[in-house]
Amino acid sequence: MGLGFIFGVFGVLFLFHAAYSTIQYRGLLKIMEEEFSGPPMNVVLELLLGFVFCVSAALTVPGNFLSIHPDSEENRIVSLPANLDFMIFNHRAKALPLEIDMKLKH
């Protein structure tokens with residue numbers, strides 16, 4: 001468990017606590033028969049802090065990006081799969097004009 005994962009856990013806990021505080025605040029307003037105009041400032045700050053923690057965790061936890069180049073040594077799949085049942089050649093792109101037709105019109 002790294003520091004990013006711990007930030008993510010704290011971010012989710014902050015978000016849950018902010019939601020619980022907002023529900024509790026709305027219940028209190030119903031008892032006092034007042035109009036709900038928005039959450040209190042401490043809940044808004046808690047939401048922002050939870051959001052920042054979750055975003056920082058989302059950017060640091062997943063790890064390194066892998067290469068997608070077909071000529072890369074890291075790619076193990078170099079041929080088509082043996083099961084061709086799921087390959088679809090009739091799709092929405094057939095409704096688009098071909099580049100050759102566009103060149104002839106100019």
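Me: Helices are DSSP runs of H or I with at least four residues, strands are DSSP runs of E with at least two, and both are numbered from the N terminus. Which pattern does the chain follow, read along the sequence?
Reply: This is a predicted model, where local features need pLDDT of at least 70, side-chain atom pairs count only at pLDDT 80 or more, and totals for chains, interfaces and linings use all residues. Residues are numbered from 1 along each chain as its sequence is written, and side-chain values use heavy atoms, with hydrogens and water left out. The chain has three helices and zero strands. Read along the sequence, that gives α-α-α.

Me: At what angle do the axes of α1 and α2 cross?
Reply: Axes are lines fitted to C-alpha atoms, for helices over the stretch in contact, and angles run from 0 to 180 degrees between N-to-C directions. Helix α1 covers residues 3-32 and helix α2 covers residues 41-60. Their axes come within 7 Å and cross at roughly 155°.

Me: How are α1 and α2 oriented to each other, roughly parallel or roughly antiparallel?
Reply: Angles under 35 degrees count as roughly parallel, over 145 as roughly antiparallel, 65 to 115 as roughly perpendicular and the rest as oblique. α1 and α2 are therefore roughly antiparallel.

Me: How many charged residues are in the contact of α1 with α2?
Reply: Contact means heavy atoms within 4.5 Å. Residues in α1 including F7, F10, F14 and L15 meet residues in α2 including L47, F51 and F53. By class, this contact has 13 nonpolar residues (Ala, Val, Leu, Ile, Met, Phe, Trp, Tyr, Cys and Pro). It also has nine polar residues, and of charged residues (Asp, Glu, Lys and Arg) it has one.

Me: What share of the chain's residues counts as buried?
Reply: Buried means under 20% relative accessible area, exposed over 50%, partly exposed in between, with a 1.4 Å probe and protein chains only. The chain has 106 residues, and the buried share is 12%.

Me: What is the phi of E33?
Reply: Most residues other than glycine have a negative phi. E33 lies in the loop between α1 and α2. E33 is exposed, with a relative accessible area of 73%. Although E33 is not a glycine, its phi is positive, about 55°.

Me: What distance separates the C-alpha atoms of P62 and F5?
Reply: P62 is found in the loop between α2 and α3 (99-105). P62 is exposed, with a relative accessible area of 65%. P62 and F5 are 57 residues apart along the chain, and their C-alpha atoms are separated by 9.6 Å.
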